[in-house]
Amino acid sequence: MPEDDFIDIKFRLYDGSDIGPFRYSSASTIDVLKQRIVSDWPKGKTITPKAANEVKLISSGKILENNKTVGQCKLPFGESTGGVTIMHVVVQPSLAKAKTEITWQCLRS
């Protein structure tokens, strides 16, 4: 593959720390990136995703869809210096888990 078919991506976490940068093929899906984030999540963080569906990736103010490829989401001039694209990571626990925790808190009260 030509060098242009690869994109360097760094993932910015809620506390300002980063995961990466990693090099991805422009054909990689956003779901693949989310799985990598979950597997490489730093130890000791107060918020930790349990699965890829709890992770939202944001680039240039847009939430990226799982079925889109990295190449489809790349902005022509949205890269920072050094050619590394920064994507922001938001962890959102699954709705079922959140409802269970709310129900449990109500029962304890």
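Strand β1 (residues 6-12) is joined to β2 by 6 bridges, and the two run antiparallel. Helices here are DSSP runs of H or I with at least four residues, strands are runs of E with at least two, and both are numbered from the N terminus; two strands count as paired if DSSP finds at least two bridges between them. The model is a predicted one, so local features need pLDDT of at least 70 and side-chain atom pairs count only at pLDDT 80 or more, while totals for chains, interfaces and linings use all residues. Residues are numbered from 1 along each chain as its sequence is written, and side-chain values use heavy atoms, with hydrogens and water left out.

As a reminder, strands of a sheet pair through backbone hydrogen bonds, either parallel or antiparallel.

Zooming out, an open sheet of 5 strands with mixed pairing has the order β2-β1-β5-β3-β4. Its edge strands, β2 (18-25) and β4 (62-63), each pair on one side only. Helix α1 (residues 30-39) packs on the sheet and touches β1, β2, β3 (55-59) and β5 (84-91). The direction of α1 makes about 120° with that of β3, where axes are lines fitted to C-alpha atoms (for helices, over the stretch in contact) and angles run from 0 to 180 degrees between N-to-C directions.

Which residues of α1 are buried? They are I30, L33, K34 and I37, with buried meaning under 20% relative accessible area, exposed over 50% and partly exposed in between (1.4 Å probe, protein chains only). These residues cover an arc of only 100° around the axis, so they end up on the same side of α1; the arc is that of the directions from the helix axis to the C-beta atoms. An α-helix has 3.6 residues a turn, so residues three or four places apart point the same way. The cover over the buried residues of α1 includes β1, β2, β3, α2 (70-73) and β5, a contact being heavy atoms within 4.5 Å.

Now for the rings. A search of the whole structure turns up 2 aromatic pairs. Rings of Phe, Tyr and Trp (its six-membered ring) pair if their centres lie within 6.5 Å; planes under 30 degrees apart count as stacked, over 60 as edge-to-face and the rest as tilted. F11 and Y24 make an edge-to-face pair, at 6.3 Å centre to centre with 70° between the planes. Because F11 lies in β1 and Y24 in β2, this pair ties together parts 13 residues apart in sequence. F22 and Y24 are also edge-to-face, at 6.5 Å centre to centre and 75° between the planes. Both F22 and Y24 are buried, and ring pairs link F11, F22 and Y24 into a cluster. Finally, the charged end of R36 sits over the ring of F22, 3.6 Å from its centre; the test for this is NZ of Lys or CZ of Arg within 6 Å of the ring centre and within 35 degrees of the ring normal.
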